[in-house]
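Try each task yourself before you read the solution.

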Amino acid sequence: MQTSIALDAHGAIPEEERALPGRRETYAELVRRLSHQSVLKHFDAYADIDWDGDDFRIDPADPRWELGPEDSLGETAWYRAQPPDIRARIGLHLVATFMKTGLQFESILKRGLLDFAFDLPNGSPEYRYVYHEVIEEAQHALMFQEFVNRTGFDIPGLGGLDRFLSRTVIRLARIFPELFFFFVLGGEDPIDHVQRTALRGGRDLHPLLLRIMQIHVTEEARHLCFARHYLKRRVPELGFVRRTALAVRAPMILAVMAQLMMRPSREIVEAYGIPKEVVSEAYARNPRHRAETVEALRKVRELCIELGIALPWLWRWLGIWEAPPLAA
């Protein structure tokens, strides 16, 4: 079992997306390589985390759960005015809520991937890779749910409408897989960005949270790589109608998914009596939060530009556009 974890430096190309030296790697070779990496570098939610270790014990009043000044809510005067134990409890509640949302998203993802694999032909390299990803996402769900259980918070996660709409997303994996994989990127890219930023930030993170994030970003790198390269292969082959549908629907999905992963839930706002003006100050009217959202979606935005399906006016209207840098 692989237990060591290396995090790429800021701005570096993840290992999964580095081209093989000497020649160009084919799509099939890439998928087989990702499958092989899943064998060499994978984790178990219980074998690789010492849940009962003293260092991993969860204390809601632990100051390491407090939000730092780099956090949109953490920088507000309202949050800083709260007693230390409340600041820590809010931070832990936020982490647990994001994990609950994440595991429910990954449940949708797993069911969609299984539908996607159902009709793949014999000998397809994608079939094996997809099952590796499903197994890894199942381990992530066990890991996230165990964390949530140990916090003591009873977190509902996605609302009723989101749960209902999830059935449509699952169907997309079979009838419109290209749009399904944009949904995948919309859920995984923002949280991957948040976790990598936290790991690089130098803050004193709780050891349990640190371990979970290290495991998650290591395996998610493969999942993101596969989704991007699948889209690079498939989207150019689509007709006008489907390409137009992607151009319109993809940024809408991305804008919604990013906020699910980067803003407190309604339950948290109500539980701690966070005033509406504070929520607006921290998120809706906060240029730094907008910049973080734009950066969290940078890779998938660049992918849409590369594929020729980016509609700048729509992305700009949704508040998630940033013009690409001018070529030197």
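**Exercise 1.** Find which residue caps the N-terminal end of helix 4 in this predicted model, and say which atoms are involved.

*Solution.* Step one: look at the N-terminal end of helix 4, where S124 is the cap. Step two: pick out the atoms, a side-chain oxygen of S124 and the backbone nitrogen of E126, which lie 3.2 Å apart.

**Exercise 2.** Compare the reach of helix 4 with the value expected at 1.5 Å a residue.

*Solution.* Helix 4 runs over residues 125-151, which is 27 residues. From its first C-alpha to its last it reaches 40 Å.

**Exercise 3.** Describe how helix 3 packs against helix 6.

*Solution.* Start with what to look for: two packed helices are described by the angle between their axes and the distance between the axes. For helix 3 (residues 84-118) and helix 6 (residues 177-200), the angle is about 155° and the axes are 11 Å apart. Angles over 145 degrees count as roughly antiparallel, so helix 3 is roughly antiparallel to helix 6. Their crossing is left-handed. Next, find the contact: helix 3 brings F105, I108, L109, G112, L113 and F116, while helix 6 brings residues including P177, F180, F181 and G187. Sorted by class, the contact has 10 nonpolar, 2 polar and 1 charged residues.

**Exercise 4.** Work out which residues of helix 6 and helix 11 touch, and sort them by class.

*Solution.* The axes of helix 6 and helix 11 (residues 287-296) come within 9 Å and cross at roughly 120°. This crossing is right-handed. D189, P190 and H193 of helix 6 meet E292, E295 and A296 of helix 11. They divide into 2 nonpolar, 1 polar and 3 charged residues.

**Exercise 5.** Is helix 8 oblique or roughly antiparallel to helix 11?

*Solution.* Helix 8 (residues 240-262) packs against helix 11 at an angle of about 120°, with the axes 10 Å apart. That makes helix 8 oblique to helix 11. The crossing is right-handed. Here A258, Q259 and M262 of helix 8 touch H289, E292, T293 and A296 of helix 11. By class, there are 3 nonpolar, 3 polar and 1 charged residues in this contact.

Definitions and conventions: Residues are numbered from 1 along each chain as its sequence is written. This is a predicted model: local features need pLDDT of at least 70, side-chain atom pairs count only at pLDDT 80 or more; totals for chains, interfaces and linings use all residues. Side-chain values use heavy atoms; hydrogens and water are left out. Axes are lines fitted to C-alpha atoms, for helices over the stretch in contact, and angles run from 0 to 180 degrees between N-to-C directions. Helices (H or I, at least four residues) and strands (E, at least two) are DSSP runs, numbered from the N terminus. Angles under 35 degrees count as roughly parallel, over 145 as roughly antiparallel, 65 to 115 as roughly perpendicular and the rest as oblique. A crossing is left-handed if the near helix is turned anticlockwise from the far one by less than a right angle, and right-handed if clockwise. Contact means heavy atoms within 4.5 Å. Ala, Val, Leu, Ile, Met, Phe, Trp, Tyr, Cys and Pro count as nonpolar, Asp, Glu, Lys and Arg as charged, and the others, Gly among them, as polar. The expected span of a helix is 1.5 Å times one less than its number of residues. A polar contact is a pair of N or O atoms within 3.5 Å; within protein, one must be able to donate a hydrogen and the other to accept it, and residues adjacent in sequence count only if both atoms are side-chain atoms.
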